[in-house]
Amino acid sequence: MKIFITGEPGVGKTTLIKKIVQRLGDKALGFWTQEVRDRKTRRRIGFKVVTTEGKEALFASKNFTSKHLVGSYGVNVKRFEEVVLPILKRALKERDKVIVIDEVGKMELFSKEFRELVSSIARDPKSKILATLPIRDVHPLVRELRKLQGAVLIELTRSNREGMEEEVMKLLT
Ligand SMILES: Nc1ncnc2c1ncn2[C@@H]1O[C@H](COP(=O)(O)OP(=O)(O)OP(=O)(O)O)[C@@H](O)[C@H]1O
């Protein structure tokens, strides 16, 4: 089963992914992206990736100098790749796992290897995927995934998000 969750920023995609990862336990392999806020000011200062194995890395920050920018955030593509690529490569081999990719977004898509791995995972007819996509087509790959044959595309909204955890679990099991 391949499931793609899309929705407006802040609607709760990452929250949903984390709940499902918790329920899947060691059946899930992958990562999610979440914002990092300053402890004192509570202002958003960057984004980190967290893997299902508990690895974390701040990979986008207002304080990073980078040629890869999304808004005022500099993206450290190397740091993203170091944490995320090994787990996705493993996931491609371990057939029984649900591969979790949150998200196939602008920041993540700077990595060519990430784009190639996501394509391979999506093309594999036997892969089980739970991934999030931005609501807008920020890249041809996002457009391709949105239309992927045999996949389920769900738009998460404030009105349907309450029952979505159960809905997705039903599709996955
Ligand atoms: N079902 C829910 N009920 C109430 N609040 C929620 C729910 N889901 C998420 N939130 C809250 O909304 C905020 C944004 O959630 P989250 O980071 O999961 O959104 P997102 O869609 O992943 O955002 P982005 O597109 O920016 O990555 C968080 O503060 C979270 O606690």
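Tutor: Happy to! One definition first: a polar contact is a pair of N or O atoms within 3.5 Å. Also keep in mind that this is a predicted model.

Student: Which residues are around the ligand?

Tutor: They are Glu-8, Pro-9, Gly-10, Val-11, Gly-12, Lys-13, Thr-14, Thr-15, Arg-161 and Glu-162. Sorted by class, this shell has 2 nonpolar, 4 polar and 4 charged residues.

Student: Let's take Glu-162 from that list. Buried or exposed?

Tutor: Glu-162 counts as exposed because its relative accessible area is 69%, and the cut-off for exposed is over 50%. Glu-162 sits in the loop between β9 (152-155) and α5 (164-172). Although Glu-162 and Leu-16 are 146 residues apart along the chain, their C-alpha atoms are separated by 9.5 Å.

Student: What about Leu-156, where is that?

Tutor: Leu-156 is also in the loop between β9 and α5. Leu-156 is buried, because its relative accessibility is 2%. Not counting residues up to four places away in sequence, Leu-156 touches Ile-5, Thr-6, Gly-7, Val-11, Gly-12, Lys-13, Leu-16, Arg-161 and Met-164. Val-11, Gly-12, Lys-13 and Arg-161 are also among the residues around the ligand.

Student: New topic: the inside of the protein. Which residues in the largest nonpolar core touch the most other members?

Tutor: Those are Leu-88, Ile-101, Val-104 and Phe-114, in a core of 35 residues. Helix α2 (residues 77-93) gives the most to this core, with 8 residues. There is also a second, separate core of 20 residues, including Ile-3, Ile-17, Ala-28 and Val-168.

Student: Why would nonpolar side chains group like that?

Tutor: In soluble globular proteins, nonpolar side chains tend to be buried together.

Student: And what does Val-104 contact?

Tutor: Leaving aside neighbours within four places in sequence, Val-104 is in contact with Leu-109, Phe-114, Val-118, Thr-132, Leu-133, Pro-134, Leu-141, Val-142 and Leu-145.

Student: How about Val-100, which element is that in?

Tutor: Val-100 lies in strand β7. Val-100 counts as buried because its relative accessibility is 0%. Apart from residues up to four places away in sequence, Val-100 touches Ile-17, Val-21, Ala-28, Leu-29, Gly-30, Phe-31 and Leu-130.

Student: Let's look at a loop again. Where is Ser-111?

Tutor: Ser-111 is in the loop between β7 and α3. Ser-111 is buried, because its relative accessibility is 0%. A polar atom of the Ser-111 side chain lies 3.0 Å from the backbone nitrogen of Phe-114. Ser-111 also touches Val-77, Phe-80 and Glu-81, if residues up to four places away in sequence are not counted.

Student: Which residues does a cis peptide bond join?

Tutor: Asp-102 and Glu-103, with omega at about 0°. Glu-103 is in the loop between β7 (98-101) and α3 (112-123).

Student: And what is phi of Arg-42?

Tutor: Phi of Arg-42 is near 65°, a positive value in a residue other than glycine. Arg-42 is in the loop between β2 (28-37) and β3 (44-51). Arg-42 counts as partly exposed because its relative accessible area is 49%.

Student: Why point out those two spots?

Tutor: Most residues other than glycine have a negative phi, and most peptide bonds are trans.

Note on methods
Residues numbered from 1 in each chain as written. Predicted model: local features only at pLDDT ≥ 70, side-chain atom pairs only at ≥ 80, totals over all residues. Heavy atoms only, no water. Near = heavy atom within 4 Å. Nonpolar A, V, L, I, M, F, W, Y, C, P; charged D, E, K, R; others polar. Core = buried A, V, L, I, M, F, W, Y, C linked by side-chain atoms within 4.5 Å. Buried < 20%, exposed > 50% of the residue type's maximum accessible area, 1.4 Å probe, protein only. Helix = DSSP H or I, 4+ residues; strand = E, 2+ residues; numbered from the N terminus. Contact = heavy atoms within 4.5 Å. Polar contact = N/O pair within 3.5 Å; in protein donor to acceptor, adjacent residues only side chain to side chain.
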